[in-house]
Amino acid sequence: MNTLTVINAKGGCGKSTIAMSLAAGLSLQGKRVLLMDLDPQAQVTQWLSAGDGLRPEGTLVSALTGQQSLSDVIQPTGYANIWFVASSAGLEDLGREISANDGYPTMLTELLARESVADRFDFLVIDSPNQISPIMENAIFPADAFVIPFESTKAVKSYASVYQLLLKLRPNGDYKLLHVLSNLTRLPGLRRRVLALLADDKLEPAKSEIRSCGWLAQVDEYGGSIFHFRPHSNGAEDMKALVEEAIALFDNGQTAHPEMPRIAA
Ligand SMILES: Nc1ncnc2c1ncn2[C@@H]1O[C@H](COP(=O)(O)OP(=O)(O)O)[C@@H](O)[C@H]1O
Ligand SMILES: [Mg+2]
């Protein structure tokens, strides 16, 4: 199983839209996908009509507190090949509570391992909260690759704090990064400033970019994913390219944890 975590410490940069679209796009390529909502705001949970976002039963909160097993809270979605773990508001308080325990950042990783989730899915896609938090740390630990959306210069600045957290939690650097421009084509000046800031930080943008697309914004109203809602839109085309780029991260004959190259003396 390859784990993709969509992350940045900035609300509104496109994380949930990308997480939902990645899961849907991967499923349409025949991959068995588990999508997990780690955002207490439960955006994806609402798009999938997978809970009221309030009660903890049947959600990740129940699994992290040991009330239910992780397998018990994995639910079908009505879409072929996509299974889902819902979020609820209590996740935020739970994050504060678990931070008192040693080793709390690996709680989710341990649940995944204990229940052999990796044998049941080809991809795990995780949507993250909007702030640095203990729950975000749990989204960081299991990831083989991070997808980081940038919709503003603020998002580039927020990424600096996420990157510090990556360095702290994953010092081996055994992960891949996709820096994705998101919803910037409607504002070419801002897009140029974001690109300049990324270049200052020597961050290479991904090949795929998610153009501004009114249909993508409307998925919020209708739920599901852009592939189901408007399969012939720019949004669906861009998300398909991102899905292919994400798959290629793992298909190049490279593993998610490549050996360090040997450098001749
Ligand atoms: N490429 C895009 N074009 C137009 N609107 C977008 C695009 N990507 C995201 N949006 C809209 O921007 C808002 C924030 O996106 P969302 O995915 O919820 O961000 P986050 O999860 O980072 O808070 C939503 O209303 C969403 O519909
Ligand atoms: Mg979100």
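These legends go with close-up views of a predicted model and its ligand, pockets and cavity.

**View 1. Ligand 1 and the residues around it.** Welcome to the ligand site. Ligand 1 has 16 residues around it, and those that come nearest are Gly12, Lys15, Ser16, Thr17 and Cys213. By class, this shell holds five nonpolar, eight polar and three charged residues. Helix 1 supplies the largest share of the shell, three residues.

**View 2. Backbone atoms that meet ligand 1.** Look here for the polar backbone atoms. One from glycine 14 is 3.0 Å from an oxygen atom of ligand 1. On the nitrogen side, a polar backbone atom of arginine 211 is 2.9 Å from a nitrogen atom of the ligand. Cysteine 213 also takes part, with a backbone N or O atom 2.9 Å from a nitrogen atom of ligand 1. On its own, ligand 1 has 560 Å² of accessible area, and the protein covers 82% of this.

**View 3. The largest pocket, where ligand 1 sits.** Two elements give two or more residues to the shell around the ligand: helix 1 (15-28) and helix 10 (214-222). At least two lining residues come from each of helix 1, helix 2 (43-47) and helix 10, and helix 1 gives the most, with four. The lining of the largest pocket divides into eight nonpolar, 10 polar and four charged residues.

**View 4. The largest cavity and its lining.** The model has one cavity of 30 Å³ or more, and the volume of the largest cavity is about 50 Å³. Its lining is made up of Thr17, Met20, Ser21, Trp47, Leu216, Val219, Gly224, Ser225 and Ile226. Helix 1 and helix 10 are the elements that give two or more residues to this lining, and helix 1 gives the most, with three. Five of the lining residues are nonpolar and four are polar, with no charged residue.

**View 5. The second largest pocket.** Our last stop has a volume of about 190 Å³. Of the 13 residues lining the second largest pocket, Pro40, Glu92, Pro129, Gln131 and Ser133 lie nearest its centre. Helix 5 (90-98) and helix 7 (134-140) each provide at least two lining residues, and helix 5 has the largest share, four residues. This lining has five nonpolar, five polar and three charged residues.

Notes
Residues numbered from 1 in each chain as written. Chains lettered and ligands numbered in written order. Predicted model: local features only at pLDDT ≥ 70, side-chain atom pairs only at ≥ 80, totals over all residues. Heavy atoms only, no water. Near = heavy atom within 4 Å. Polar contact = N/O pair within 3.5 Å; in protein donor to acceptor, adjacent residues only side chain to side chain. Areas by Shrake-Rupley, 256 points an atom, 1.4 Å probe, with all protein chains shown as cover. 1 Å grid on protein atoms, 1.4 Å probe; cavity = no way out; pocket = protein on both sides within 12 Å on 5 of 7 lines; lining within 4 Å. Sits in = over half its atoms within 2 Å of the grid points. Nonpolar A, V, L, I, M, F, W, Y, C, P; charged D, E, K, R; others polar. Points joined across faces, edges and corners; volume = space filled by probe spheres on them.
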